[in-house]
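Work through the exercises below with the model open.

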Amino acid sequence: MSNHISVPSPSERVRERKTLGELKKAGYQSKSIKDELRDNLIQKIKNKETTFEGVHGYENTVIPELERAILSRHNINLLGLRGQAKTRLARLMLNLLDEYIPFVEGSEINDDPLKPISRFAKELIKEKGDSTPIAWLHRSERFAEKLATPDVTVADIIGDVDPIKAANLKLSYADDRVIHYGMIPRANRCIFVINELPDLQARIQVALFNILQEGDVQIRGFKLRLPLDIQFLFTANPEDYTNRGSIVTPLKDRIGSQILTHYPVDIETARLITEQEAKLVESQKQTITVPDLARDLLEQIVFEARESDFIDAKSGVSARLSITALENLLSTAERRALMVGDEKTTVRLSDFVGIIPSITGKVELVYEGEQEGAAVVAYNLIGEAVKSLFEEFFPKIEKLKKETQETPYDDIVSWFFNQKDGFELLDDVRDKEYKSLLDGISPLNDLLGEHQPNLSKEDSYFVKEFVLWALVEFKQLSKFRFTEGTHFKDPYGSFISGI
């Protein structure tokens, strides 16, 4: 058996101090929260550590700006559309705080034992001196967050006179001990986040002026000199500047740095975010295969939505769309497998119909989009995404070509011309039948063999269906969506048969 005795680290030894006198003997130095964040960020940068773990796509844009703002000891406003990780960035700043800080035990506003600011702490230290008891606050408890809603009051965030406290302590309303502190004073020495700042009524925003600049708090006639030590972070949506409200100009002037967030700029980053955030059941991961092309297609749908003329670009298309869409996609495949009795299955392109509810609830349509209908817009986005990705895997389909000009798709189109009743691909068929139906289109096998020879057998069926959808988008074939599945025909089939 080892006789090794673990020696506590210097920070652990300091935390053993339970009184002000012991804390002073340990050589503890007070530090403001902005200096704390700055010093810890400097260490992380020197050690080449990741400062904001789990945030992708901001490595060369948002994160450097955020780090510069922290080094400058600024209050920060994160400005961006919905689903751009603004709140996540704010919460990750907790990792830049010291693990523990001391405070005067019993203090409502986390008074620094060496720099007390409340009447309670000052009087306790005056009475007990070096015997003043101290407690330790973990960084996980140093985060306060408030969503700006129309019902927020000055009393909520700054404070108010408490008549019950006045009665219990037999104090007059002229005594500042009757004050009940709001969220901001209670967040002293913490990170305080106000989400959706423009939604905060202008008169409430005005109440923040002195806290941000002069360091005093005004509550019901009491002007308290409370130099609160807070790192403020605000989040805002640029849409709000014209629709629901605005940030009053003097408040904007007091915020040191305004940082613009953005959506992922490429499919690889978007996939990384979706796969990290999607809450998938373990059994789904084990029984459902998702081809790479299906994952790319899912992200491309979101990119198409952000460019669509039917969707309000100012409102944005949240990253949550692709996250919930992936969850719905796997659930669609899982439900199908359960219904037909397949133990394992692979995502099909027809399963993408199951993600439409994820799209319709997360996009704001312009007038033309409303006329089309949310479900139609969502379904058409799938087709647009197929069209956009197709040419990355197969030869380009020219819009105009000479009658004698041959293309790699002529044999597939001819095959459909020879099918009198067209080709039906039902949604809820067993994998074996689904594969057999697609294998029956022999020109498809030849096309994949020539242009995607390294494709795995399992993924090839998704790609075959992908080719059919793409040929429809490029007007080489026609398709009709009915309750049980999809009907494919030659490009003129819909006119001849009425389908």
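**Exercise 1. Surroundings of a glycine**

Which residues does Gly-422 touch, not counting residues up to four places away in sequence?

Solution. Some ground rules come before the steps. The model is predicted, so to speak of local features a pLDDT of at least 70 is needed, side-chain atom pairs count only at pLDDT 80 or more, and totals for chains, interfaces and linings use all residues. Residues are numbered from 1 along each chain as its sequence is written, and side-chain values use heavy atoms, with hydrogens and water left out.

Step 1. Locate the residue: Gly-422 is in the loop between helix 20 and strand 14 (423-426). Helices (H or I, at least four residues) and strands (E, at least two) are DSSP runs, numbered from the N terminus.

Step 2. List the contacts, where contact means heavy atoms within 4.5 Å. Gly-422 touches His-487, Phe-488 and Lys-489.

Step 3. Compare sequence and space. From Gly-422 to His-487 there are 65 residues in sequence, and 6.9 Å from C-alpha to C-alpha.

Step 4. Check accessibility. Buried means under 20% relative accessible area, exposed over 50%, and partly exposed in between (1.4 Å probe, protein chains only). Gly-422 has a relative accessible area of 17% and is therefore buried.

**Exercise 2. Surroundings of a leucine**

Determine where Leu-437 lies and what is in contact with Leu-437, leaving aside neighbours within four places in sequence.

Solution. Step 1. Leu-437 belongs to helix 21 (residues 431-439).

Step 1. The contacts of Leu-437 are Phe-423, Glu-424 and Leu-425. Leu-425 is 12 residues away from Leu-437 in sequence, with 7.6 Å between the C-alpha atoms.

Step 2. Leu-437 counts as partly exposed because its relative accessibility is 27%.

**Exercise 3. Aromatic rings**

Classify the pairs Phe-390 with Phe-394 and Phe-393 with Phe-466.

Solution. Step 1. State the rule. Rings of Phe, Tyr and Trp (its six-membered ring) pair if their centres lie within 6.5 Å; planes under 30 degrees apart count as stacked, over 60 as edge-to-face and the rest as tilted.

Step 1. The structure holds 13 aromatic pairs. In one of them, Phe-390 and Phe-394 have ring centres 5.3 Å apart and planes at 20°, so this pair is stacked. Both Phe-390 and Phe-394 are buried.

Step 2. Phe-393 and Phe-466 pair edge-to-face, with 6.4 Å between centres and 85° between planes. This pair links distant parts of the chain, 73 residues apart: Phe-393 is in the loop between helix 19 (374-390) and helix 20 (410-417), and Phe-466 is in helix 23 (residues 457-473).

Step 3. Phe-393 counts as partly exposed at 26% relative accessibility, whereas Phe-466 counts as buried at 0%.

Step 4. Phe-390, Phe-393, Phe-394, Tyr-409, Phe-466 and Phe-474 form one aromatic cluster.

**Exercise 4. Charges over rings**

Which ring lies under the charged end of Arg-348, and which under Lys-387?

Solution. Step 1. A charge sits over a ring if NZ of Lys or CZ of Arg is within 6 Å of the ring centre and within 35 degrees of the ring normal.

Step 1. The charged end of Arg-348 sits over the ring of Tyr-434, 4.1 Å from its centre.

Step 2. Lys-387 lies over the face of Phe-474, 5.5 Å from the ring centre.

**Exercise 5. Confidence**

Find which elements of the chain have the lowest and the highest mean pLDDT.

Solution. Step 1. pLDDT is the predictor's confidence in each residue, from 0 to 100. The chain has a mean pLDDT of 87, and 88% of its residues reach 70 or more.

**Exercise 6. The chain as a whole**

How many helices and strands does the chain have?

Solution. Step 1. The chain has 24 helices and 16 strands.

Step 1. Of its 499 residues, 48% count as buried.

Step 2. Among contacts between residues at least 6 apart in sequence, 74% join residues at least 24 apart.
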